[in-house]
Amino acid sequence: MNAPVDVSFFPRAAKPLTSYRKFWAARFGTAPHLPMSRAEMDKLGWDSCDIVLVTGDAYVDHPSFGMAVIGRMLEAQGFRVGIIAQPDWQSAEPFRALGKPNLFWGVTAGNMDSMINRYTADRKIRTDDAYTPGDVGGKRPDRAAIVYSQRCREAFKDVPIILGGIEGSLRRIAHYDYWSDKVRRSIVVDAKCDLLLYGNAERALVEVAHRLAAREPIEKITDVRGTAFVRRPDDDSRLGWFEINSTSVDEPGRIESHINPYQTTSEQAAGQGSSCAKEDGQGVTDSVAAGPEDTRAEGQFSSNSPVATAAAQPLTFYVNPALPSGKLKLPPRDRSVIRLPSYEQVKADPVLYAHANRVLHLETNPGNARALVQAHGEGATARDVWINPPPIPLTTAEMDYVFDLPYARAPHPSYADENGSHDGATKIPAWEMIRFSVNIMRGCFGGCTFCSITEHEGRIIQSRSEDSIIKEIEDIRDKVKGFTGTISDLGGPTANMYRLGCKSPEIEAACRKPSCVYPGVCQNLGTDHHPLVQIYRRGRALKGIKKILIGSGVRYDLAVLSPEYVKELVQHHVGGYLKIAPEHTEQGPLSKMMKPGIGTYDKFKTLFDKFTAEAGKKQFLIPYFIAAHPGTTDEDMMNLAIWLKKHGFRADQVQTFYPSPMATATTMYHTGRNPLRGVRREVQSDDDTVDVVRGEKRRRLHKAFLRYHDASNWPLLREALKAMGRSDLIGNGKHHLIPTWQPLGDDGYQSARKKNSTPSGAKPQSAVAAKPVKGRMLTQHTGLPPRDTGTSRAKPSRRPR
């Protein structure tokens, strides 16, 4: 129906995914599921795998799971692909299950960072894992990408290792590690992988796979966009690059020498190695330029001669050669590399860490990004981590190709229970969440500093065609077991950025802004939501589709620019509640998050209430807020709590700031500096620094303000309000924030997630030591608590009654 239209010029610079000649193994055809055992390989007629993928997630053959997308993409290129999902990492033997890969290992920690998957924002061990059958925790090691890479190397030493996924993508340079509270090296160095593919890596992976299949050594593959690798200082392949040194701050740029005012033009030219002497044969023009006195001295013409009047010419002005000759000539961007401060420098100096992070985020636009290099080690161990520019985004046709691959849209049969079902004890919660959803786009140009989507997927929106999306809805209706007529989501990283982008390809290619919507929506950004509205209408008109819900987050500052979209969304695609994320009400933290002011939320709420009333429905907005974000003061949280009470909100789940690797807000948390501004050694204004919420007590206080209605938080809030001089908020009236009285025996915490709730008088689950498994070696990667030696029972308790 609708032909794919590409609004960006970036994709035209890349080789299409479908243009490669298929590998010879394409003759084996398509597998119903990618094999996870030798028996499945035998059934397919394979004697070996060309590529073996190792993942920390259970294998679900669905386009929302990265390993399934990568596996099916490589299969479509003709390669035989096997998967080892959630292997036992205690030895290398499970990694030999499918035999030696012919080409390479593909390693990922999974759809989530393994540390975020394993630990809460308060560094407590989670008891569950949504990407594991039965929601069981502990099925993957800490820093899984490193552990898996080491085991792959141990299993088959000479097979190249290609690392990918979000865990590797966000650790491509030296980064702050929240869990160990220190700066760690690039994961390329720690994992000892041959190549790291960052971002959505279909384009890079297909190219690398075909080059390896053509017997090109992996150490020679250094020119693929979206890759990172280690280069030694004596590597000849680094020749021909123009290196820009950015290893320090507060150093002056190009300095122009002062001009001697007493020098003549000829003397200045001579100092520059040139001459002002006139060339022969320039005739009268030179004479006129020399001045009338000179011509008379030479006796050629008199000043009254008619010939002199006829030969008169305009004066010619020459540029002083001692002055700067216009713009500084820069080396070509595609052959330029920026040298960041070394790992040792950023580890020791927070200012240089903030500077390196700022440079990294400025070099993320595929249209103008330059390569980056960061030194690790000194002397004999010195090597450079080289990061090529980001990958070229996929075209609409390529997006359709990726999502139209033959996915089974179900978990691997080995996870089924005795009834052959995936809905019982072996249910995978992450699959259950996206089982009936459709991903319509990739990327995000919001630039929120606490989010890593832009660093991973990029800020150029890559959208599928309308026909491809409708076809997937029909496939869910016709093929997915258990479908009752409701599509749970049509979205992606955001719900309403489908087909939005810069109006000018030239401006888009040159832009270096971190966000297209902060501090306001860019005038060059196209905000037409009509293509998305058309998909909504066409989708819900399909036979057998009762309801299409929107579960992805709505970017409400864009939505208010299109009342037609808000009306369509509110009246047809909200299931009673719509979640949006203003994140805060105060300008201080909002400016550090790069989020719009609370006034934009009020505008959206006005439209939401208006269209809800017109439809005769009862629907509610559920706003999300973040506690303890860098730049948030205690007064900011108090004002947020007052706003929540005034508007009748009681937060059930509290989202505390989680410093994820490479995020701009994580840099603020670690350094106390603001990388959204130019980083200076000396603080020149309050905007150069950031108030960082550190320590368990202060983080608990900020969470307590969000849950002001929870009686277990009242003692802490009373103490804080008195210290802040706001005792007027303590009382038993409606205008007070918390009461003066405390209920008896109410020391438990009730959460929307039962596993996170603590009954009154009971110890939290994290405080109960788990008994180690007999015979299992305890390592830093097992995730097990310390061994119980009985010494804790011998010590008397010092806590007062």
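Two strands count as paired if DSSP finds at least two bridges between them. Helices (H or I, at least four residues) and strands (E, at least two) are DSSP runs, numbered from the N terminus. Residue numbers start from 1 along each chain as its sequence is written. This is a predicted model, in which local features need pLDDT of at least 70 and side-chain atom pairs count only at pLDDT 80 or more, while totals for chains, interfaces and linings use all residues, and side-chain values use heavy atoms, leaving out hydrogens and water.

Let's begin with the sheet. Strand β8 (residues 195–197) runs antiparallel to β9 (residues 227–231), and 2 bridges join them; Leu197 has Thr227 as its bridge partner in β9. Both strands belong to an open sheet of 10 strands with mixed pairing, ordered β3-β1-β4-β5-β8-β9-β13-β12-β11-β10. Since β3 (81–85) and β10 (242–245) each have a single partner strand, one side of each is left without a neighbour in the sheet.

Now for the salt bridges (a side-chain nitrogen of Lys or Arg within 4 Å of a carboxyl oxygen of Asp or Glu). The count comes to 49, and here are three of them:

| Pair | N to O distance |
|---|---|
| Asp122 – Lys703 | 3.0 Å |
| Asp129 – Arg140 | 3.0 Å |
| Asp384 – Arg339 | 2.9 Å |

Asp384 lies in strand β13 (residues 383–387) and Arg339 in strand β11 (residues 336–339), so this pair ties together parts 45 residues apart in sequence. Buried means under 20% relative accessible area, exposed over 50%, and partly exposed in between (1.4 Å probe, protein chains only). Asp129 and Arg140 are both buried, whereas Asp122 is partly exposed at 32%. Salt bridges also link Glu207, Arg211, Glu216 and Asp223 in a network.
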